Amino acid sequence: MVIDSQPYPVSIKGNLEEPLSRWLWLVKWFLLIPHVFILVFLWIAFFAILFTGKYPRGLFDFNVGVLRWTWRVGFYSYLALGTDKYPPFTLKSVDYPADLQVEYPSEKLSRRLVLVKWWLLAIPHYLVVAFFQGGIGPRCGGLTTLLVLYAGVILLFKGTYHKDIFDFVMEMNRWSARVYGYAGLMTDRYPPFKLGEA
């Protein structure tokens, strides 16, 4: 068995910005309506590779931008509640406490894997992500949402975000981001089954 010592090509960051407002988390769902509206249309544009084995750079960058924007919105809202700084309306990496990066694949991607990896090979990871997120993709009702809401209640009454909860929530989001990168056909490298950096 060969163990890959290279870092996984999909990575996220999220820096907790304190102090956080005690009450703002209660209305963030409403403040995010413009982002959700735009992101629904951007997510529709996700695919390529089957015939060329290469991810066209422009489409790859666009898809990474959509993932990045989605992560910033999630970090601001109920995937982390990590900042009160409103997310910018952009696909680019900007000065914001949350970011997502995906390395552009240096070699050709497997055309055969395109047909099975996003639905068949990723099933074990989908089960983990469904437990974390409450479904495939950023949804409500999973362990992440439960812990973030618990942290929000603590924030409301004590004015602090419990660091251990934040760290664990970030690890669950990191795992999910790796799965999105793999299922989004951005890498052929199978995501590791572990929390933390890969």
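Author: The axis of a helix is a line fitted to its C-alpha atoms over the stretch in contact, and the angle between two axes runs from 0 to 180 degrees between their N-to-C directions. The model discussed here is a predicted one.

Reader: At what angle do α6 and helix α7 pack?
Author: Two packed helices are described by the angle between their axes and the distance between the axes. For α6 and helix α7 (residues 143-158), the axes are 4 Å apart. The contact is made by Phe-131, Phe-132 and Gln-133 of α6 together with Leu-143, Thr-144 and Thr-145 of α7. Angles under 35 degrees count as roughly parallel, and α6 and α7 are therefore described as roughly parallel to each other, the angle between them being about 25°.

Reader: How many helices and strands are there in the protein, and what pattern does it follow along the sequence?
Author: The protein has eight helices and two strands. Read along the sequence, these elements follow the pattern β-α-α-α-β-α-α-α-α-α.

Reader: How far apart are the end C-alpha atoms of helix α8?
Author: Helix α8 covers residues 163-183, which is 21 residues, and at 1.5 Å a residue it should span 30 Å. The distance in the model agrees with that expectation, since the end C-alpha atoms of α8 are apart by 30 Å.

Reader: How many of the 21 residues of α8 are buried?
Author: A residue counts as buried when its relative accessible area is under 20%. Helix α8 is largely enclosed by the rest of the structure, because the number of its 21 residues that are buried is 15.

Reader: Which residues is Gly-181 in contact with, leaving aside its neighbours within four places in sequence?
Author: Gly-181 and Pro-9 are 172 residues apart in sequence, and yet their C-alpha atoms are 8.4 Å apart in space. Once the neighbours within four places in sequence are left aside, the residues in contact with Gly-181 are Val-10, Met-186 and Thr-187.

Reader: What kind of aromatic pair do Trp-69 and Phe-89 form?
Author: The structure holds 13 aromatic pairs, and in the pair of Trp-69 and Phe-89 the centres are 5.9 Å apart, with 85° between the planes. Trp-69 lies in helix α3 (residues 57-76) and Phe-89 in the loop between α3 and β2, so the pair ties together parts that are 20 residues apart in sequence. Trp-69 counts as buried at 5% relative accessibility, whereas Phe-89 is partly exposed at 43%. Planes over 60 degrees apart give the pair its name, and the pair of Trp-69 and Phe-89 is edge-to-face.

Reader: How many residues apart in sequence are the parts that Phe-132 and Trp-175 tie together?
Author: The rings of Phe-132 and Trp-175 have their centres 5.7 Å apart and their planes at 85°, so this pair is edge-to-face. Phe-132 counts as buried at 7% relative accessibility, and Trp-175 counts as buried at 8%. Ring pairs also link both of them with Phe-131, Tyr-182, Tyr-190 and Phe-193 into a cluster. Because Phe-132 lies in helix α6 (residues 123-133) and Trp-175 in helix α8, the separation in sequence of the parts they tie together is 43 residues.

Reader: The charged end of which residue sits over the ring of Tyr-76?
Author: Tyr-76 is placed in helix α3 and counts as buried, at 1% relative accessibility. Its contacts beyond four places in sequence include Leu-24, Leu-31 and Leu-81. The residue asked for is 48 residues from Tyr-76 in sequence but 8.1 Å away in space, C-alpha to C-alpha. Its charged end sits 4.2 Å from the centre of the ring, and the residue is Lys-28.

Reader: Which two residues are joined by a cis peptide bond?
Author: The bond has an omega of about 5°. One of its two residues, Pro-19, is found in the loop between β1 and α1. The residues joined by this cis peptide bond are Glu-18 and Pro-19.

How values were computed. Residues numbered from 1 in each chain as written. Predicted model: local features only at pLDDT ≥ 70, side-chain atom pairs only at ≥ 80, totals over all residues. Heavy atoms only, no water. Expected span 1.5 Å × (residues − 1). Buried < 20%, exposed > 50% of the residue type's maximum accessible area, 1.4 Å probe, protein only. Phe/Tyr/Trp six-rings, centres within 6.5 Å; stacked < 30°, edge-to-face > 60°. Lys NZ or Arg CZ within 6 Å of the ring centre and 35° of its normal. Parallel < 35°, antiparallel > 145°, perpendicular 65-115°, else oblique. Contact = heavy atoms within 4.5 Å.
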